[in-house]
Amino acid sequence: MDIDVVFEPICPWSFIGKRRLEQALRKRLDVSCAVHWRPFLLNPAMPMTGMAQDEYMVYRFSTLERARHIYQTLEETGRSLGISFNFAAMKRAPNTINAHRLVMKGRAFGLEDRLVEGLFQAYFLEIRDISDKTVLRDIAKEAGMSARDFQAVWEDRNAITKILQANADLHDQGISGIPTYIFNQRMVLSGAQSPEALLRLMDAAHEADILFQTIA
């Protein structure tokens with residue numbers, strides 16, 4: 001089964017969604033699943049230098065008060081999944097184009113999941129700037145990417161156009177919230193859903209795939 005996950009590395013729901021998907025997959029070890037991560041930009045107009053965290057919170061949630069209430073809830077949810085969010089320590093929201101470029105390149109080496117995990121860990125837990133080349137190089141190295149392949153990522157300026165186009169395509173398809181899960185390119189589920197909800201759609205997609213193969 002192919003599972004495409006539309007995500008943004010500075011979106012805490014995407015991190016929560018990854019953990020819940022992992023929980024679901026552990027309950028379906030008999031089903032062969034390939035998880036791929038697709039780029040989504042929460043703020044396509046984000047400056048390459050990023051923006052102040054408070055400014056970003058207002059952009060996303062209208063007011064700081066509302067944002068802080070949401071983040072408090074997220075911290076509680078995170079703890080239940082073993083994620084120690086540290087929102088108070090964040091001073092700047094980074095542009096994520098380069099992070100997405102790294103994940104896109106990582107698909108060719110089977111490193112997508114490791115790179116996504118590394119980005120989440122670096123941004124949410126270590127409070128590092130995941131737009132910075134040095135930080136991304138460390139994440140790539142930890143994930144198993146060679147220095148030469150990482151440099152190729154950095155030098156491929158066409159990748160920026162690919163990320164912007166992929167993001168635009170997803171918006172055109174009506175995807176507006178993340179994470180969004182796409183099972184076998186047929187069934188779509190949006191939001192950081194519970195493992196049980198993910199399992200229901202996984203099973204439905206698996207059954208539909210078997211039926212399709214039988215008819216074909």
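Trainee: Let's start with a loop: between which two helices is Ser62 found?
Mentor: Happy to begin there, and keep in mind that this is a predicted model. Ser62 sits in a loop, with helix H2 (53–61) and helix H3 (64–80) at its two ends. The helices you asked for are H2 and H3.

Trainee: Does Ser62 count as buried or exposed?
Mentor: Exposed means over 50% relative accessible area. Ser62 has a relative accessibility of 56%, so Ser62 counts as exposed.

Trainee: And what is the phi of Ser62 near?
Mentor: Look at the backbone of Ser62, a residue other than glycine. Its phi has a positive value, near 80°.

Trainee: Now the sheet, please. In what order do the 4 strands of the open sheet stand?
Mentor: Let's build it up from the pairs. E1 (residues 2–7) and E2 run parallel, joined by 6 bridges, while E1 and E5 run antiparallel with 4 bridges. E5 (residues 180–183) also pairs with E6 (residues 187–190), in the antiparallel sense over 4 bridges. The pairing in the open sheet is therefore mixed, with E2 and E6 at the edges, and the order is E2-E1-E5-E6.

Trainee: Why is one side of E2 and of E6 left without a neighbour in the sheet?
Mentor: Strand E2 (34–39) and E6 stand at the edges of the sheet.

Trainee: Are the residues on the two faces of E5 buried or exposed?
Mentor: On one side of the strand you find Thr180 and Ile182, and on the other Tyr181 and Phe183. Both faces are covered, and these four residues are all buried.

Trainee: How many residues lie between the strands in the hairpin of E5 and E6, and what is the phi of Asn184 near?
Mentor: Asn184 lies in the loop between E5 and E6. At 14% relative accessibility, Asn184 counts as buried. The hairpin has 3 residues between the strands, and Asn184 takes a positive phi near 50°.

Trainee: Let's finish with two helices. At what angle do the axes of H4 and H6 cross?
Mentor: Helix H4 (residues 97–106) and helix H6 (residues 133–143) have axes that come within 11 Å. Angles under 35 degrees count as roughly parallel, and H4 and H6 are therefore roughly parallel to each other. Their crossing is right-handed, and the angle is roughly 20°.

Trainee: How many residues of the contact of H4 with H6 are nonpolar, polar and charged?
Mentor: From H4 come Asn98, Ala99 and Leu102, which meet Leu136, Ile139 and Ala140 in H6. The residues of this contact divide into 5 nonpolar, 1 polar and no charged.

Note on methods
Residues numbered from 1 in each chain as written. Predicted model: local features only at pLDDT ≥ 70, side-chain atom pairs only at ≥ 80, totals over all residues. Heavy atoms only, no water. Buried < 20%, exposed > 50% of the residue type's maximum accessible area, 1.4 Å probe, protein only. Pairing = 2+ DSSP bridges. Axes fitted to C-alpha atoms, helices over the stretch in contact; angles between N-to-C directions. Parallel < 35°, antiparallel > 145°, perpendicular 65-115°, else oblique. Left-handed = near helix turned anticlockwise from the far one by under 90°. Contact = heavy atoms within 4.5 Å. Nonpolar A, V, L, I, M, F, W, Y, C, P; charged D, E, K, R; others polar.
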